[in-house]
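Please examine the structure shown below.

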Amino acid sequence: MTAVDLLTFGEALVSLRSAGPLATGGALTMHLAGAESNVAIGVARLGHRAAFAGRVSDDELGGHLLRQLRAEGVGVDHVVRDPRRPAGLMFVERRTADLTRVTYQRAGSAGSALTVDDLRRAFAAGARVLHLTGITPALSESARAATAWAAETASRAGVLVCLDVNHRARLWDRGAARATLGALAGHASVVVASADELDLVGAAGADEPTVVAGLLDRGVETVLVKLAGEGARAYTRDGVRHAPAVPVTAVDTVGAGDAFTAGYLSGHLDGLDLAGRLRRAVTLGAFAVAGHGDWEALPRRDELSLLDGRQPGDTLR
């Protein structure tokens, strides 16, 4: 098999979206969701070869997830169909114009049963970049062991490992997350976190400069701090660089962090310098928040310049 540009794995979820409160019985539409699959789709839309590994249910819902990934050009040759466990569900309700609420039903899901053996064929095929998040190791003991094996194996093989902290408080507390993610960060070349997550790869309560210094001392090459509407900071041994956010009208912030990471990794795969990688990262983040859905609004390569110099309400003719 030919090596892909990016390999990622985790739990692909069936996202059921409602435009109004779930309690009143709003109509639901079915979508693919999941931090890792969001990144894979973002990278694939920009013309890179991306592959997703993991487990999905062996039923219509699992088939829907695979169909969506294939339709977006993401390789799924290494996905395992699980006949005994259901698909994980994610419910997204637009509670008000400014507030989106997300709930999950994922306990005992197919994705949570991930094991090291599920990943071996994907790793044998090879990849230039391995993308990990802090969500998968929180799903189960076997998923945690698989994530640790993947990080160590890829790092030892010279693959660039990207770790997005992506803390989910409903899956594990900060102490448990810190114990696992701190170890994973030791295998990473790129660490991504929002400002309030950064201490999960450092000491509890440590400030940003202290955590960053510790990560760089451990061999991390780039630390990316997501700042939402203020853009992002990138730390390297050469210093810090700030990239402002691309101004857009935000309508849905779910998936924005994954879009940012996809943009950064695409820039790396294209050989862009740090400034270019950051610009692509904030551009994809802007596309994500300016449209509805976890990944549906992400751009194709020929659309990357669409937001350059545009004003609200512009029409392209």
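Asp 270 counts as partly exposed, at 32% relative accessibility; here buried means under 20% relative accessible area, exposed over 50%, and partly exposed in between, with a 1.4 Å probe and protein chains only. Arg 280 forms a salt bridge with Asp 270, and the closest N and O atoms are 2.6 Å apart. This pair links distant parts of the chain, with Arg 280 in helix α8 and Asp 270 in the loop between α7 (256-269) and α8, ten residues apart.

The model is predicted: local features need pLDDT of at least 70, side-chain atom pairs count only at pLDDT 80 or more, and totals for chains, interfaces and linings use all residues. Residues are numbered from 1 along each chain as its sequence is written, and side-chain values use heavy atoms, with hydrogens and water left out.

**Salt bridges**

A salt bridge is a side-chain nitrogen of Lys or Arg within 4 Å of a carboxyl oxygen of Asp or Glu. By this rule the count comes to 22 salt bridges. Three of them are listed here.

| Pair | N to O distance |
|---|---|
| Asp 5 and Arg 49 | 3.2 Å |
| Asp 294 and Arg 17 | 2.9 Å |
| Arg 280 and Asp 270 | 2.6 Å |

Asp 5 is buried at 7% relative accessibility, while Arg 49 is partly exposed at 42%. Both Asp 294 and Arg 17 are buried, the relative accessible area of Arg 17 being 13%. A network of salt bridges links Arg 55, Asp 82, Arg 85 and Asp 118.

Arg 17 lies in strand β2 (residues 13-18); helices (H or I, at least four residues) and strands (E, at least two) are DSSP runs, numbered from the N terminus. Leaving aside neighbours within four places in sequence, Arg 17 is in contact (heavy atoms within 4.5 Å) with residues including Ala 27, Leu 28, His 31, Val 92, Asp 252 and Asp 294.

**Helix α2**

How many residues does helix α2 have, and what span does it reach? Helix α2 (residues 60-71) has twelve residues and reaches 16 Å from its first C-alpha to its last, close to the 16 Å expected, where the expected span is 1.5 Å times one less than the number of residues. At the N-terminal end, Asp 59 caps α2 through a side-chain oxygen 3.1 Å from the backbone nitrogen of Leu 61. Just after α2, Gly 73 takes a positive phi of about 80°.

The buried residues of α2 are Gly 62, His 64, Leu 65, Leu 66, Gln 68 and Leu 69. They pack against β2, β3 (28-33), α1 (35-45), β4 (50-57), β5 (74-75) and β6 (79-82).

**Largest pocket**

A pocket is an open set of points on a 1 Å grid over the protein atoms alone, where a 1.4 Å probe fits, with protein on both sides within 12 Å along at least five of seven lines; lining residues have an atom within 4 Å of a point. The largest pocket holds about 1,200 Å³ of space, a volume being the space filled by probe spheres set on the points. Its lining has 50 residues, and Thr 253, Val 254, Gly 255, Ala 256 and Gly 257 lie nearest the centre. Elements giving two or more residues to this lining are α1, β7 (89-96), β8 (99-105), α7 and α8. The largest share, five residues, comes from α8.

Conventions. A polar contact is a pair of N or O atoms within 3.5 Å; within protein, one must be able to donate a hydrogen and the other to accept it, and residues adjacent in sequence count only if both atoms are side-chain atoms.
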